[in-house]
Amino acid sequence: MSLQDSLNKFKQQQEKCQSTLASIAPRGGSHKAAPSQKIPPAMPAASSKPHAPVKFSSDTERLQNINAIRKSPVGAQIKRVIDLLLETRHAFTPEQINEACYVDVNGNKAVFDSLRNNPKVMYDGQRFSYKSRHALKDKGDLLNLIRKSPEGLAVVDVKDAYPSVLDDLQALKAAGQVWLLSNMDSQEDIVYPNDPKVVIKVDDDLKQLFKGIDLPRDMVDIEKDLLKNGMKPATNTAKRRAHTQVPGIASKPKPKKKTREITKRTKLTNRHLPELFENLNVPDN
């Protein structure tokens, strides 16, 4: 074989090897690349650092308050819940009551039963709400109730009907629609309707008692009797007479003004102002 033929054969073998390597290279590349795609899971940053020490709750005071409330007497817990219902005028579930004022209604059967049977609390099976004696919503309802009570309505019976009831009472009084009077015996306010059409029934015994009372003719004596019975008179006749100087009433004499006299011990000054000493009695030496 000539040298040229050997070279040609060698070139053919080289080309064959190159084509073989070219066909094998993608397979080998893909086969080797697969493991490289598997990325090991990253370790959390916290794992490389020591764990932080566990801190106790800084809400110790609140937890102590909750514990004290739940260990308090049943009556104190009931009052706490009623105050919540009265101030908010909303309906609360037992869970909401626990969140709002820390009283565990569901966890304490005595509290639950007492709250459910309390006359100032209404329970519909799911929620608790405040229950006033009279179901009033506004000033109109209040006025209608007063007009239905010609003998008088105690303010204490309606003061918790709704938040602004006392302001509405003062507004009705200022408008002349009601009379708001104080009961001297019970120290309670009574409201009456100011309506001429309302007929007030008075017992005959009370009428006879009123007519049979013999009042003193002098107003001063009447005021003295009122004071003896612990009542403050609206007038002061004795003082009024003293001011007007009614004949027959001796008025208190006014004190006489003492005139200043100069004695031997008195030292006169400001001799250039003699008019200051005109009214002074200078004794003769």
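Is Asp 218 buried, partly exposed or exposed? Before selecting anything, note that this is a predicted model, in which local features need pLDDT of at least 70 and side-chain atom pairs count only at pLDDT 80 or more, while totals for chains, interfaces and linings use all residues. Residues are numbered from 1 along each chain as its sequence is written, and side-chain values use heavy atoms, with hydrogens and water left out.

Select Asp 218, which is partly exposed at a relative accessible area of 27% (buried means under 20%, exposed over 50%, partly exposed in between, with a 1.4 Å probe and protein chains only).

Next, go to Arg 133 and Asp 157, whose side chains meet in a salt bridge of 3.0 Å, N to O. Here Arg 133 counts as exposed at 61% relative accessibility, whereas Asp 157, at 19%, counts as buried.

Finally, select Phe 112, Tyr 123 and Phe 128, which ring pairs link into a cluster (rings of Phe, Tyr and Trp, the last by its six-membered ring, pair if their centres lie within 6.5 Å; planes under 30 degrees apart count as stacked, over 60 as edge-to-face and the rest as tilted). Among the three aromatic pairs of the structure, Phe 112 and Tyr 123 have ring centres 5.7 Å apart and planes at 85°, so the pair is edge-to-face. Phe 112 and Phe 128 are both buried, whereas Tyr 123 is partly exposed at 26%.

Notes:
Salt bridge = Lys/Arg side-chain N within 4 Å of Asp/Glu carboxyl O.
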